[in-house]
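Here are my notes on how the two chains meet. Have the model open while you read.

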2 protein chains.
Amino acid sequence: LLPVDTREVMQRYYDSIKARDWDGFAELLSPDVVYEMPQTRERISGREPYVQFNREYPGEWQIDVTRLVVDGDRAAGTMNFMVDGETVLGIGFFELTDGQITRITDIWPEPYEPPPGREHLAERLPDLSEFIDRL
Amino acid sequence: LLPVDTREVMQRYYDSIKARDWDGFAELLSPDVVYEMPQTRERISGREPYVQFNREYPGEWQIDVTRLVVDGDRAAGTMNFMVDGETVLGIGFFELTDGQITRITDIWPEPYEPPPGREHLAERLPDLSEFIDRL
């Protein structure tokens, strides 16, 4: 029997990724799941290709979930994605139907320099680690 | 009386920004609100500076909220930020205490080219508009 509670599905989603439990991971996905990355305009359609994408993802990587917001059949999560000694932010938005994940929108924000003109309002912290830990 | 329902606070948050109703906007914020942008490592501390930051934000801009995920005293939202004819994605994570927003984490993801090696799994769409509209 599949779990039907969104929070439980999301917890299993992240746990199965951490454990490289790709069979358990696949069970949480709709056969027609769509995975989208708006920044690169990439889309992966279907359970098998999406599992393969995760299984094949290169590098020595692990995730650390820092936030999970659950609202009915929708969720949003943030994580630290640690790959080859680097840590980057990962943000996911999720839609579920009947306890299975049907759509994932993944965001990978990168650092940039702030535009001038707001130095009178904003302080700048020396590194990203405080944000990464607290997000 | 202040609203205490998170979804209502968030709806008012976005509505007051759209309407440039900075007094109504300020009412939703804790006096000690912290606004953080992890990508630039910027932090704005306090209600007045944060209202000023929004009020002074340069350009001809407007927002269109595309998603709101509410979970107890936390929320996540996505929007299209339209400025000077361009549309970019904006993502916010929110924390509330006693019906006031105490912390905002704002993310502004930018387009990038995908790394090689996943062309066998991912299709690429010609432009971002489909993602922006559906996120």
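1. Chain B and chain A bury about 5,200 Å² between them, with 55% of it on carbon and sulfur atoms. (Buried area is the accessible area, taken with a 1.4 Å probe, that two parts lose on being put together, summed over both.) R41(B), R43(B) and L121(B) supply 15% of what chain B buries against chain A, more than any other three residues.

2. Some ground rules: this is a predicted model, where local features need pLDDT of at least 70, side-chain atom pairs count only at pLDDT 80 or more, and totals for chains, interfaces and linings use all residues. Residues are numbered from 1 along each chain as its sequence is written, chains are lettered from A in the order in which they are written, and side-chain values use heavy atoms, leaving out hydrogens and water.

3. How many salt bridges cross the interface of chain B and chain A? The rule (a side-chain nitrogen of Lys or Arg within 4 Å of a carboxyl oxygen of Asp or Glu) finds eight. One salt bridge joins the side chains of D71(B) and R7(A), at 3.0 Å from N to O.

4. Strands cross over too: β7 of chain A (residues 123–124) pairs with β2 of chain B (residues 42–45), antiparallel, over two bridges. (Strands are DSSP runs of E, at least two residues, numbered from the N terminus; two strands pair if DSSP finds at least two bridges between them.) Here E123(A) stands opposite R43(B).

5. Within chain B, β1(B) and β2(B) run antiparallel, joined by four bridges. Y35(B) sits opposite I44(B). In their hairpin, with four residues between the strands, R41(B) takes a positive phi near 60°.
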